[in-house]
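Q: Please take a close look at a single part of this structure. Start with one backbone feature and then place it in its chain and in the wider assembly.

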Amino acid sequence: MINKELVVIGGGPAGLAAAIEAKKHGVKDILLVERDSGLGGILQQCIHNGFGLHVFKEELTGPEYADRFIKELEDMGIEVLLDTMVIELTKDKRIIAVSHKKGLMQIQAEAVILTMGCRERTRGAINIPGFRPAGIFTAGTAQRFVNIEGYMPGKEIVILGSGDIGLIMARRFTLEGAKVKCVAEIMPYSNGLTRNVVQCLEDYDIPLLLSHTVVNIDGRDRVEGVTIAQVDEDFKPISSTEKYVTCDTLLLSVGLIPENELSKMADIKMDDITAGPVVNHRMETTVPGIFACGNVVHVHDLVDFVTMESQLAGRGAANYLKNRMPLGKHISILPGEGIRYAVPQLIDPQNIINEKQNFFMRSTKPMEKARLFIESDKDLIRTKVIQHIKPSEMINIELKKEELADKDINSLRFFLQEEGVADGNQ
Amino acid sequence: MEINKTVTCIVCPKGCRIDVKVKNGEIVSIQNYDCKRGLEYAKNEVLDPRRILTTTLKLSGGRVLPVRTKDPIPKKLLKKAMLELKDVVITPPVKVGDIVAKNVVGTGIDLISTGNAK
Ligand code: SF4
């Protein structure tokens, strides 16, 4: 049995930032476990730029962003186990990991940070009829083929879903000489960041078909084409709008799901909406001493926010290890009208780190302009006008400790009202 | 002749829709931007749109190396740059920030490695 003060599970952007921050705050004996052969996680295949605007105030590519953290981690001498997969985690923070070189390992940790990230939704998760021909890939798999292995998966491509990876791959394929016929999105709005719609589709005149989906895949050995149809308000395909598009490849960019097998094993309470653990102000799950951050908690659209959240988790774990005093009363954070979810789901206002608390949330639908209300069970705390709200772009709001701690509140509720409808009080 | 263009600013995720009025090839007004960076962006986007090119180069030992232009290059030269870089092969070792090709399609802008290869 190996004993460790802190074990970080996952060496992507979340794990890197959490481990570094924990070390900076005095945790000495840290082990980071990564199942891949190198650090950096999904960033290594995200070769496009657009990372780091918040954290570094400059625009980096994924591998460059990762490189900065990997260097820092190495300089700090944080121990890393590569090619090692954690297969079990108990609520007593006992870990079983396995690798080719070392076989089975048992590790007893005093604190754990979960940073396993997320995985892509597949065709099975969205039910498209047809045979099982070659040529159907998730956008992330295609990205790995092109950007890491150096293979092109096809020449004529249709993309289902307008998630960011799909949009990025539309541009990448086009630049590599393939023809991207269209992107079909079942929702009436894009699921990717505006900048990606502009830079990856509009720049190359790739049509974005909103309220459209793929209803059939043609081809027995290899994809030969797909049938695309418009959908009605209930997302049912309208048969009169069906059209056939020839292609040899179908990319699926239909969403990401946090990867939480280990969290469930450890009896951590999950949030049904985010599909990630319920966390508090310091990113601690409902099992004391087990923390979680990044895409394992909720799917982020910007890695910068993953980093910030993970720094908080690293600091939270350091606090926990230093001072194991039980926390005070937690209050619940409730998503109200117009808000799909808010993270964290719980906070202890007296013990907020750094005198301020950041909340991430997503809206239920796009809104041109709306007022965000922040309300406790006692009174209205604050409102804020936000423009160009999209479910794909996270809303990020910071509350000061004095806005939360002085009052004897039991819950906090966020809700959105489209401007013009709201009464507009400050 | 006066033309109205709406530019979606992509400098930050806010995505401001900036209105630009162009008269005889010159900008006469720019409206609805939320910050200075957006103003700069809209100006350039109308007069001289540029993009950072990110792609990969072949590595001599197999697989590929991620690279990017150090600064944005004119949007209309992206395809040409891809063709120019098509057959370039890089021999390791190479690390993040190393210049791997000079003066991409005559822009004076270099191509740098964004990854490490041993
Ligand atoms: S104008 Fe400023 S705030 Fe608006 S999108 Fe551009 S950079 Fe962001």
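A: In chain B, the loop between strand S8 (89-90) and strand S9 (99-101) contains B:Pro93. The model is a predicted one, and in it the peptide bond between B:Pro92 and B:Pro93 is cis, with omega at about 5 degrees. Most residues other than glycine have a negative phi, and most peptide bonds are trans. A:Asp83 belongs to the loop between strand S5 (79-81) and strand S6 (84-89) of chain A.

Chain B is divided into domain 1 (2-48) and domain 2 (54-113). Between the C-alpha centres of these two domains of chain B the distance is 29 Å.

The ligand has a shell drawn from chain B, made up of B:Cys9, B:Val11, B:Cys12, B:Lys14, B:Gly15, B:Cys16, B:Asp34, B:Cys35 and B:Gly38. Sorted by class, this shell comprises five nonpolar, two polar and two charged residues. One of the shell residues, B:Cys16, is also a contact of B:Asn32. B:Asn32 occupies the loop between strand S3 (26-31) and helix H1 (36-47) of chain B. The C-alpha atoms of B:Asn32 and B:Cys16 are separated by 7.3 Å, although the two residues are 16 residues apart along the chain. Once neighbours within four places in sequence are set aside, the contacts of B:Asn32 are B:Cys16, B:Arg17, B:Ile18 and B:Asp19. With B:Asp19 the link runs through side chains, as a polar contact of 2.7 Å joins the two.

Chain B also meets chain A. The contact involves 27 residues from chain B and 30 residues from chain A, and the two chains bury about 2500 Å² between them, with 54% of that area on carbon and sulfur atoms. Five salt bridges are found across this interface. For A:Asp203 and B:Lys75, which form a salt bridge, the closest N and O atoms are 3.1 Å apart. Nine residue pairs are in polar contact across the interface of chain B and chain A. On the side of chain B that touches chain A, the elements giving two or more residues are strand S5 (54-59), strand S6 (64-69) and helix H2 (78-85) of chain B. The residues on that side of chain B divide into twelve nonpolar, seven polar and eight charged.

Over all chains, the count of salt bridges comes to 31. Within chain A, A:Lys4 forms a salt bridge with A:Asp29, with 3.3 Å between the closest N and O atoms. This pair links distant parts of the chain, 25 residues apart: A:Lys4 is in strand S1 (residues 2-9) of chain A, and A:Asp29 is in the loop between helix H1 (13-24) and strand S2 (30-33) of chain A.

Chain A is assigned domain 1 (1-120 + 255-326), domain 2 (122-254) and domain 3 (328-426). The C-alpha centres of domain 2 and domain 3 of chain A are separated by 35 Å, and six residues of domain 2 are in contact with six residues of domain 3. These two domains of chain A bury about 470 Å² between them, 53% of it from carbon and sulfur atoms. Of the area that domain 2 of chain A buries against domain 3 of chain A, 69% is supplied by A:Tyr189, A:Leu193 and A:Thr194, more than by any other three residues. The side of domain 2 of chain A that touches domain 3 of chain A has two nonpolar, four polar and no charged residues.

Technical notes
Residues are numbered from 1 along each chain as its sequence is written. Chains are lettered from A and ligands numbered from 1 in the order in which they are written. This is a predicted model: local features need pLDDT of at least 70, side-chain atom pairs count only at pLDDT 80 or more; totals for chains, interfaces and linings use all residues. Side-chain values use heavy atoms; hydrogens and water are left out. A residue is near a molecule or strand if one of its heavy atoms lies within 4 Å of it. Ala, Val, Leu, Ile, Met, Phe, Trp, Tyr, Cys and Pro count as nonpolar, Asp, Glu, Lys and Arg as charged, and the others, Gly among them, as polar. Contact means heavy atoms within 4.5 Å. Buried area is the accessible area (1.4 Å probe) that two parts lose on being put together, summed over both. A salt bridge is a side-chain nitrogen of Lys or Arg within 4 Å of a carboxyl oxygen of Asp or Glu. A polar contact is a pair of N or O atoms within 3.5 Å; within protein, one must be able to donate a hydrogen and the other to accept it, and residues adjacent in sequence count only if both atoms are side-chain atoms. Helices (H or I, at least four residues) and strands (E, at least two) are DSSP runs, numbered from the N terminus. Domain bounds come from an automatic or database domain assignment.
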